[in-house]
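Visitor: I would be grateful for a close look at one part of this protein, followed by whatever connects with it. Please keep to what the model itself shows.

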Amino acid sequence: MAERRYDPHEIEPRWQALWARERTWEVSNESAEPRSDGRGGAGGAARAGGRAPKSYVLEMLPYPSGEPHIGHLKVYSVGDAIAHFHRRLGARVLHPMGYDAFGLPAENHAIKTGVHPRDSTAESIASFQRQFRSWGISIDWSREFATCEPSYYRWTQWIFLELFRAGLAYRKEAAVKWCPKDQTVLANEQVDAEGRCERCGALVEVKQLEQWFLRITDYAERLLNDLDALEWPEHVKTMQRNWIGRSEGAEVIFRCEELGIDYPVFTTRPDTLFGATFFVMAPEHPDVMRLVHGTPHEQAVHDYVNHALTETNEERGNAEKPKTGVPLGRTVTNPVNGEQIPMYVADYVLMEYGTGAIMAVPAHDERDYAFARAFDLPIRRVIAPKNALDTVEAAPGEDGLPFVGDGMLINAPAEFDGMDNREALGAIVAWLDREGKGHASVNYRLRDWLVSRQRYWGAPIPILYCESCGMVPVPDDQLPVELPDIEDYTPKGRSPLAAAEDWVNTTCPKCGGSARRETDTMDTFVDSSWYFLRYCDARNEHAAWDPAALREWMPVDQYIGGVEHAILHLMYARFFTKALADLGHLDFQEPFQALFTQGMVTKDGSKMSKSKGNVVSPASIIERVGADTARCYILFVGPPDQDADWADEGVDGVFRFLSRLWRLAAETAERAGAPRAAASPAVPPAEGDDLTLLRKTHWAIDKVSTDLRRFAFNTAIAAVMELLNDCSRLRESVELDTMRFALATAASLLFPFAPHVSSDVYDLLVGERVWEQPWPQAEEALLERDVYELVCQVNGKVRDRVQASADAGPETLKDLCRAAPNVMAHVDGKEIVKEIVVPGKLVNLVVR
Ligand SMILES: [Zn+2]
Ligand SMILES: [Zn+2]
């Protein structure tokens with residue numbers, strides 16, 4: 001019999017064409033009209049009897065720039081495996097995709113080439129569509145959209161106005177991080193640890209500008225507390241908690257009597273108030289320049305502020321860094337003792353923390369201490385270690401300072417002196433409260449979200465400015481405010497939209513007079529903060545969504561994406577969900593019930609990049625070995641939540657595995673004649689090798705089912721490899737029905753990872769569509785429970801451990817060892833010259 005060849009380039013397009021023709025992965029809303037062709041799609045709707053449970057599986061919205069990269073292949077391979085698994089378990093699965101299509105790369109490309117961002121984005125989207133179909137990802141394409149389409153951003157603008165009407169969107173002047181190269185304002189999060197623009201690497205500067213903010217800080221407590229109930233990786237929750245940065249303490253008022261201004265500060269240590277000997281403001285504090293205006297200090301302060309703002313927060317916060325600063329020539333009153341203490345501006349105080357001003361207590365804070373020493377300011381100890389009370393005298397420079405531990409209050413008024421400092425903390429706050437000089441307070445590191453951008457390629461902020469009416473929201477029935485076409489995208493320190501005079505000048509909807517449009521556009525993170533809602537009702541022209549559609553699908557059951565979005569995107573999407581729920585538009589509080597963060601795919605140990613020349617493009621790899629191999633490999637190479645290094649030899653190994661599966665199936669189908677149902681052969685007659693293979697098959701069902709639930713796709717695929725090894729080994733000695741059952745089951749289990757070849761194999765053997773079959777169930781009676789852990793060695797080093805049945809012979813043990821994933825990794829490409837078997841214990845492969 002001539003050996004048949006596995007040809008993914010014939011198999012894959014054939015199945016893709018069928019799925020496209022039949023719109024297999026589309027799923028309709030219960031609330032909507034049924035599909036006119038009568039098909040429910042394999043979304044699960046077709047399943048008989050009662051409503052199937054829903055499952056919303058979603059990968060983070062890709063940014064369409066150029067072609068999809070290997071990271072997209074990985075995240076969608078993970079997501080597709082989950083979507084398929086859920087469908088086969090009987091759920092109606094919503095698995096949509098779209099594009100996060102506004103943003104700087106397309107605009108920067110436009111500046112370079114003159115190509116309109118709309119055109120370059122459309123070109124990139126076409127490439128994504130083509131490639132995603134060639135990967136065989138089970139997307140419901142009927143819900144696809146790009147966030148740059150007016151039919152989408154109309155609702156982004158509507159949400160902005162809802163937030164505006166609720167007081168959650170507001171304008172204020174603020175020191176903003178400014179990228180001199182991109183000529184735009186950056187969110188704090190878009191500035192990297194070195195103080196550089198995340199996009200272009202330029203050193204970020206600071207400017208005072210009127211900006212739009214969203215009041216995410218109103219939600220800090222809820223964003224923090226509600227994390228507890230989410231099925232998210234613990235490290236992601238920790239990152240969110242740290243970003244929110246809750247701390248308890250007190251807000252204390254220091255008054256500048258000369259100017260009659262109150263300066264509140266937040267402190268976690270009100271117990272040290274009696275030791276406050278000076279007062280420091282952050283260089284970004286909006287009052288710094290006002291305090292010195294027209295005084296001899298003005299020039300020095302001005303120079304210092306400009307210099308300080310070019311430094312990174314890390315540098316500025318570093319306790320080791322020599323302290324710098326400039327006096328403001330003013331004083332404030334310490335509210336607990338009435339002392340006048342001098343004011344300084346210094347870069348070690350950050351605007352992001354508290355109110356941007358601190359009371360400095362040099363005896364009990366390292367950085368305040370260093371500053372006091374550098375500027376020869378008084379240092380007054382007010383807490384003493386309990387066991388050394390007698391020996392302590394307060395004096396600058398004395399040993400044992402700064403003292404940051406707990407102890408007893410000293411140098412304090414009688415009512416607090418000698419008190420345990422933690423008790424004094426409460427007592428002092430109560431006293432401040434009574435005196436109207438402060439109160440207990442909680443501080444968050446989280447700041448309000450700066451959403452305005454002085455750029456072209458974004459959703460216009462739907463606000464008008466009228467000379468008589470002031471700020472006027474664009475009426476809902478005039479949305480969307482469409483982006484006008486412009487000639488020149490070059491940033492000039494204001495939005496390029498300002499140049500579109502015909503567009504900017506408009507009529508005030510309130511008074512009919514002339515008005516000007518807001519020319520800033522929205523941060524693209526706004527677009528991606530609600531897209532998951534729109535998928536539930538993507539074609540709705542009358543509203544952002546029908547509440548019934550959201551009730552049907554939300555929340556997302558499984559969200560999948562990179563850990564680099566652990567803070568911003570996830571925080572913003574959670575904030576939008578809560579705010580929209582408060583406004584009565586949603587009836588749930590959290591958008592993403594479960595989250596999976598996949599690791600990066602590296603090459604030669606480092607991140608793929610054009611400059612390093614180590615980029616593996618999905619298109620080229622699929623051209624070479626097909627989508628099934630690429631998808632299967634990327635999930636097999638290691639636990640998908642970890643980083644994994646791409647190796648072409650490993651790809652070839654997976655290709656050989658799929659080839660063997662397909663060839664063995666084709667050969668078995670040919671021997672068996674017409675395909676027929678591959679129900680598990682009856683148990684009693686099976687014995688010998690038939691029983692062995694049957695058991696192995698049920699073992700694989702059990703293993704893959706368990707592994708899929710815990711995202712262990714690599715070991716799931718390895719289990720199918722083990723099953724196939726047994727099929728190959730026993731091909732001559734088992735009944736045809738047993739072989740057919742084992743191979744059909746292998747295809748069924750492999751379908752979530754390699755859908756085309758699995759569909760083909762299942763069709764050859766059984767004549768049915770594998771995706772319409774329920775997920776296989778393991779027969780408890782056939783599960784080998786009598787197993788031990790076989791140690792797998794290569795050249796005497798332990799490389800893996802696999803489960804072996806107690807009665808497995810030496811050949812089976814060798815096969816098991818050779819199929820162990822980490823053994824394969826160490827054997828690949830090398831020749832096995834000897835196999836040593838110690839039954840019940842280990843197998844050692846000698847390779848060279
Ligand atoms: Zn930049
Ligand atoms: Zn008006």
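This is a predicted model: local features need pLDDT of at least 70, side-chain atom pairs count only at pLDDT 80 or more; totals for chains, interfaces and linings use all residues.

**Rings, charges and metal sites**

Guide: The charged end of Arg445 lies over the ring of Trp243, at 4.4 Å from the ring centre.

In total, 49 aromatic pairs are counted. One of them joins Trp15 and Trp771 in an edge-to-face arrangement, with 5.8 Å between the centres and 85 degrees between the planes. This pair links distant parts of the chain, since Trp15 belongs to helix H1 (residues 8-22) while Trp771 is in the loop between helix H24 (755-766) and E27, 756 residues apart. Trp15 and Trp771 are both buried. A stacked pair is formed by Trp449 and Tyr572, with centres 3.6 Å apart and 0 degrees between the planes. Here too distant parts of the chain are linked: Trp449 is in strand E15 (residues 449-450) and Tyr572 in helix H17 (residues 568-582), 123 residues apart. Both Trp449 and Tyr572 are buried. Elsewhere, one aromatic cluster has among its members Phe145, Trp155, Trp530, Tyr559 and Phe592.

The metal sites come next. The zinc ion (ligand 1) is held by Cys179 (SG), Asp182 (OD), Cys197 (SG) and Cys200 (SG), at 2.1 to 2.3 Å. Because the angles subtended by these four donor atoms run from 100 to 117 degrees, the arrangement is tetrahedral. Along the sequence, the donor residues of this zinc ion (ligand 1) have the spacing C-x2-D-x14-C-x2-C. Within this set, Asp182 lies in the loop between strand E3 (169-179) and strand E4 (184-186), and Cys200 in the loop between E4 and strand E5 (205-214), 18 residues apart. Asp182 has a relative accessible area of 4% and is therefore buried. Cys200, at 25% relative accessibility, is partly exposed.

The zinc ion (ligand 2) has Cys466 (SG), Cys469 (SG), Cys508 (SG) and Cys511 (SG) as its protein donors, at 2.2 to 2.3 Å. Its site is tetrahedral, with angles of 103 to 113 degrees among the four donor atoms. For comparison, the ideal angle for four tetrahedral donors is 109.5 degrees. The donors of the zinc ion (ligand 2) are spaced C-x2-C-x38-C-x2-C along the chain. Cys466 has a relative accessibility of 6%, so this residue counts as buried. Cys469 reaches 26% and therefore counts as partly exposed.

Strand E30 (residues 842-847) is mostly covered, five of its six residues being buried. E30 also pairs with strand E29 (residues 832-838), in the antiparallel sense and over six bridges; Ile836 is opposite Asn844 of E30. E29 and E30 make a hairpin with three residues between them, and Gly840 in the turn has a positive phi of about 80 degrees.

Technical notes. Residues are numbered from 1 along each chain as its sequence is written. Chains are lettered from A and ligands numbered from 1 in the order in which they are written. Side-chain values use heavy atoms; hydrogens and water are left out. Donors are N, O and S atoms within 2.8 Å of the metal (3.2 Å for Na, K and Ca); water is not among the atoms, so sites may look incomplete. Four donors count as tetrahedral if all angles lie between 85 and 135 degrees; four count as square planar and six as octahedral if opposite donors are over 155 degrees apart and all others between 65 and 115; anything else is irregular. Buried means under 20% relative accessible area, exposed over 50%, partly exposed in between (1.4 Å probe, protein chains only). Helices (H or I, at least four residues) and strands (E, at least two) are DSSP runs, numbered from the N terminus. Two strands pair if DSSP finds at least two bridges between them. Rings of Phe, Tyr and Trp (its six-membered ring) pair if their centres lie within 6.5 Å; planes under 30 degrees apart count as stacked, over 60 as edge-to-face and the rest as tilted. A charge sits over a ring if NZ of Lys or CZ of Arg is within 6 Å of the ring centre and within 35 degrees of the ring normal.
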